[in-house]
Amino acid sequence: MAAHPEPSGILSFEEARAVVEDHASRLRPKGRELLGLLDSSGRVLAEPIHADRDFPPFPRAARDGYAVLAADLGVLPATLEVIGEARAGAAEIPPVTAGKTVAIMTGAAVPSGADAVVMVEHTSRAGRRVQVTRGVSAGDNIVPMGAEGKRGEQLLPSGTRLSYVEIALAASAGRSRLVVHAKPGVAVLSTGDEVVDVDMPPGPNQIRNSNSYSLATQIQAAGGEPVLLPIAPDEPRRLRELLMEGLDADLLLIAGGVSIGKYDLVEQALAEMEAEFLFTGALIQPGKPIVFGQVPCGAGAPAREAAPAVRHRKYFFGLPGNPISTMVTFELFARPVIEALAGMAARKLAFVHTKLKTEIRTKTGLKRFLPARLSGEFERSGVELVRWQGSGDIGAVARSNCYIVVPPDREKIEAGEWVPVLLR
Ligand code: AMP
Ligand code: MG
């Protein structure tokens with residue numbers, strides 16, 4: 001597949017995703033901050049983390065038992081003299097010589113001379129003597145010094161998102177403060193005359209703005225800082241004003257107004273701002289009218305604080321306004337751009353395969369991302385669609401926990417087939 005499909009138009013899901021990934025790969029984060037270890041949770045490393053010493057820093061006992069010379073256990077049972085004890089953290093541990101042993105606890109440093117640890121389960125102790133009933137090979141139950149990482153080795157590359165495992169690794173390397181990337185500001189502009197904000201009483205034919213809030217939450221989860229703009233009416237001048245304001249951020253997300261209705265003015269307003277449309281739709285459901293493009297910053301979009309790599313243009317997405325379409329198109333297309341602006345290393349969509357519990361019938365032609373519920377555990381798990389009234393039905397999606405992905409050439413998927421599922 002070409003990296004640059006035709007510059008505008010309606011693309012397949014894969015083509016549209018490739019366009020987004022290609023543009024995202026050229027984006028750079030805009031700055032760095034030094035944060036305390038816990039404040040770094042969820043942030044993206046702007047420096048690699050190296051091992052400050054060998055991991056483990058000493059040969060570590062992996063079991064409770066006795067540190068021995070494996071050669072002493074050639075004839076079983078073997079009786080050894082217990083000359084001391086090695087506790088985790090002990091400063092001094094007697095060396096082991098032929099015929100002798102040291103009682104040892106998990107996590108303790110293996111005494112010099114010993115080359116294996118016999119598990120306590122295979123011994124019986126009487127005073128200073130221990131009888132061993134099972135042999136060992138050299139190296140058994142010992143993690144050698146440096147086996148998990150050598151001093152100076154890279155433990156985490158720059159661009160890693162910090163979750164609990166990475167925070168633990170940084171702590172183990174003595175890093176109480178970390179250099180992380182600044183969060184990109186992502187503007188959210190909801191459009192539509194019918195849309196009113198959450199603390200206004202809606203008229204009988206009005207609906208409350210939910211998209212700004214789902215998007216803000218998704219932006220935070222992707223590592224960005226949401227900037228909520230006022231709702232734009234279906235009126236060109238005010239819409240243009242708010243679009244300009246949104247282009248001050250590192251990325252602009254517009255929700256609504258991108259389909260082909262009479263009052264869908266977003267594309268027109270953007271075109272007047274010399275926008276280049278990279279695509280104007282994708283063959284997916286929900287979310288077919290998704291728009292991705294860029295606006296030259298000279299055209300009313302000053303990039304005051306932008307990094308050099310993004311100074312000459314700003315990206316925007318026009319997300320379809322139906323709430324589920326907005327949510328799904330964000331995850332499929334906007335997320336990789338935000339992650340790139342946040343300094344994260346690029347990654348593919350993560351999915352699992354699981355068994356379909358109830359057959360699915362659809363029409364061909366679109367790749368579908370249908371709200372579904374994954375239930376059961378491990379080998380007994382399965383997935384089925386939730387009932388929904390289409391892409392306005394937020395309640396149905398709240399009862400779901402994933403999306404089943406149906407390829408565009410399938411009319412029917414039988415119960416029992418394995419299907420790809422995107423978790424949410
Ligand atoms: P549009 O993409 O503007 O044609 O909107 C499609 C549907 O999504 C319409 O039913 C809108 O009322 C609804 N919608 C648009 N914007 C929002 C919003 N901010 N919050 C909730 N629903 C919206
Ligand atoms: Mg609208």
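An oxygen atom of ligand 1 lies 3.1 Å from a polar backbone atom of Asn322, which I count as a polar contact, that is, a pair of N or O atoms within 3.5 Å. Taken alone, ligand 1 exposes 490 Å², of which the protein buries 79%, the areas coming from the Shrake-Rupley method with a 1.4 Å probe. Please keep in mind that this is a predicted model, in which local features need pLDDT of at least 70 and side-chain atom pairs count only at pLDDT 80 or more, while totals for chains, interfaces and linings use all residues. Side-chain values use heavy atoms, without hydrogens and water, residues are numbered from 1 along each chain as its sequence is written, and chains are lettered from A and ligands numbered from 1 in the order in which they are written.

A backbone N or O atom of Gly321 lies 2.9 Å from an oxygen atom of ligand 1, and a polar side-chain atom of Ser190 is 3.3 Å from a nitrogen atom of ligand 1. In total, 16 residues surround ligand 1, and Glu194, Asn209, Ser210, Gly257 and Gly321 are the closest, where surrounding means having a heavy atom within 4 Å. By class, three of this shell are nonpolar, ten polar and three charged, with Gly counted among the polar residues.

Now to the other site: the largest pocket has a volume of about 670 Å³. Of the 23 residues lining the largest pocket, Gln218, Glu331, Arg335, Leu423 and Arg424 are the closest to its centre.

Technical notes:
Polar contact = N/O pair within 3.5 Å; in protein donor to acceptor, adjacent residues only side chain to side chain. 1 Å grid on protein atoms, 1.4 Å probe; cavity = no way out; pocket = protein on both sides within 12 Å on 5 of 7 lines; lining within 4 Å. Points joined across faces, edges and corners; volume = space filled by probe spheres on them.
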